[in-house]
Each structure stands twice: as structure tokens, then as C-alpha cells.
Amino acid sequence: MTKTIGCGIALIAVLAILGMVLYGQYNGLVTQEENVSRAWSDVENVYQRRADLIPNLVATVKGSAEFEQETLQNVIEARSRVGQISGQAAEQILNDPQKFQQFQQAQDGLSSALSRLLVVVERYPELKSTQAYQDLMVQLEGTENRIAVERRKFNEAAQGFNTMLKKFPTNLFSKMLGWHFAPRPYFQAAAGSDVAPKVEF
């Protein structure tokens with residue numbers, strides 16, 4: 001009788017410990033996943049800030065009658081592509097590596113179009129000297145810097161989540177119990193570049 005009670009207590013203790021471990025692992029993943037979602041929201045905010053600056057930049061540059069319209073059109077089209085991708089739910093982009101890659105490609109395309117626009121503006125000293133253009137360049141430069149910072153923070157949050165998801169015993173519990181967690185993608189440097197786009201005055 002005493003032996004049976006002792007075995008029962010030992011079994012309850014083992015189950016309690018296992019339950020606490022499961023509880024800790026699951027809640028740890030939830031916390032890490034929330035960190036990724038918050039970091040993603042910050043990335044979206046700075047990209048939206050850049051998208052909001054573009055109409056003003058285009059309007060300012062259009063004021064110069066001789067300015068190459070093709071360059072402006074490329075910026076407008078790149079911004080439109082970004083708007084189409086960003087319209088998807090954030091969770092879809094985070095849960096689907098292909099959609100994440102499409103999002104990044106659209107943003108990189110906009111960065112490239114903006115860079116070409118700024119190179120072309122160099123040929124128009126009268127445009128560069130206007131206060132409106134200079135103010136927009138300060139805002140754009142600050143936004144590009146914020147984009148680089150928020151992308152780095154997102155990658156750090158994704159790395160923390162992905163690392164926890166792969167570690168033992170979390171990986172074992174996740175597979176056995178069918179937890180919904182999936183690895184998060186990372187931002188990669190744009191092809192041919194290892195730095196954020198630079199805005200030059």
C-alpha cells in the first residue's frame with residue numbers, strides 16, 4: 001500500500017514537472033513570437049513613413065519642368081508595387097517565406113528607384129537648392145536609417161524565436177504536440193549591396 005502511494009506521488013511529481021516544463025516552453029515561444037510581431041510592426045511603420053514621403057518628393061521634383069519623367073514614373077510604379085504587397089495581412093507575410101521575399105523585393109525595388117532618382121537630381125542644382133527638396137532629403141535620410149535599424153531589430157527577434165524553436169526540448173514538444181509555431185524569415189541584403197541605400201545631398 002505504501003509502495004503504491006509512493007509510486008503515485010512520484011508519478012504525480014513527474015507529471016507536474018513535465019507540465020511546468022511544457023508550460024514554460026510554450027509560453028517562451030509565445031513571448032518570442034510576440035517579440036517578432038512587434039519588431040515586424042516597427043519595420044512596417046518605417047516603410048510606411050518612406051512611402052508617405054514619396055508623393056511629396058515626386059511633387060517637388062515635378063516642379064522642375066525638364067526633369068526626366070521616366071525616372072519619376074519608375075519611383076511611382078515601385079511605390080505602387082510596395083502598396084500592393086503591404087496590403088496583405090502581416091501574419092501572411094511572416095508565415096510565408098515566399099510572400100516575405102516578395103515584400104522585401106518590392107521594398108528593395110523602391111529603394112533602387114529612389115537611389116536612381118537621387119542620382120538624376122544631381123544634374124539639377126536649382127532643384128537641389130530648394131528648401132522643400134532639402135527638407136524632404138533630411139526626412140528621407142532619417143527614414144532610410146530607421147529602416148536599417150528596424151530591419152536589424154526584426155532579424156534579432158526572428159533569430160531569438162527561431163533559435164528557441166529549434167532547441168531541445170522545445171523542438172521535440174512542438175512536433176509531438178502539434179504546436180502552431182513556424183520559423184520566421186530574415187531580411188537579407190539586397191542583391192549587389194551590403195548597406196542600406198544612402199541619400200546624398
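**View 1. Helix 4 and helix 6 cross with left-handed geometry.** Left-handed means that the near helix is turned anticlockwise from the far one by less than a right angle. Helices here are DSSP runs (H or I, at least four residues), numbered from the N terminus. This is a predicted model: local features need pLDDT of at least 70, side-chain atom pairs count only at pLDDT 80 or more, and totals for chains, interfaces and linings use all residues. Residues are numbered from 1 along each chain as its sequence is written, and side-chain values use heavy atoms, without hydrogens or water. The two axes, of helix 4 and helix 6, come within 13 Å and cross at roughly 150°. Axes are lines fitted to C-alpha atoms over the stretch in contact, with angles from 0 to 180 degrees between N-to-C directions. Helix 4 and helix 6 are therefore roughly antiparallel, the term for angles over 145 degrees.

**View 2. F100 sits in helix 4, residues 97-121.** F100 is buried, at 2% relative accessible area; buried means under 20% (1.4 Å probe, protein chains only). Beyond its neighbours within four places in sequence, F100 contacts W40, I93, L94, F154, P185, Y186 and F187. Contact means heavy atoms within 4.5 Å. F100 and P185 are 85 residues apart along the chain, yet their C-alpha atoms are separated by 7.2 Å.

**View 3. A cis peptide bond joins F168 and P169.** Omega is about 10°. P169 lies in the loop between helix 6 (131-166) and helix 7 (170-177). Most peptide bonds are trans.

Notes
Helices (H or I, at least four residues) and strands (E, at least two) are DSSP runs, numbered from the N terminus. Buried means under 20% relative accessible area, exposed over 50%, partly exposed in between (1.4 Å probe, protein chains only). Angles under 35 degrees count as roughly parallel, over 145 as roughly antiparallel, 65 to 115 as roughly perpendicular and the rest as oblique.
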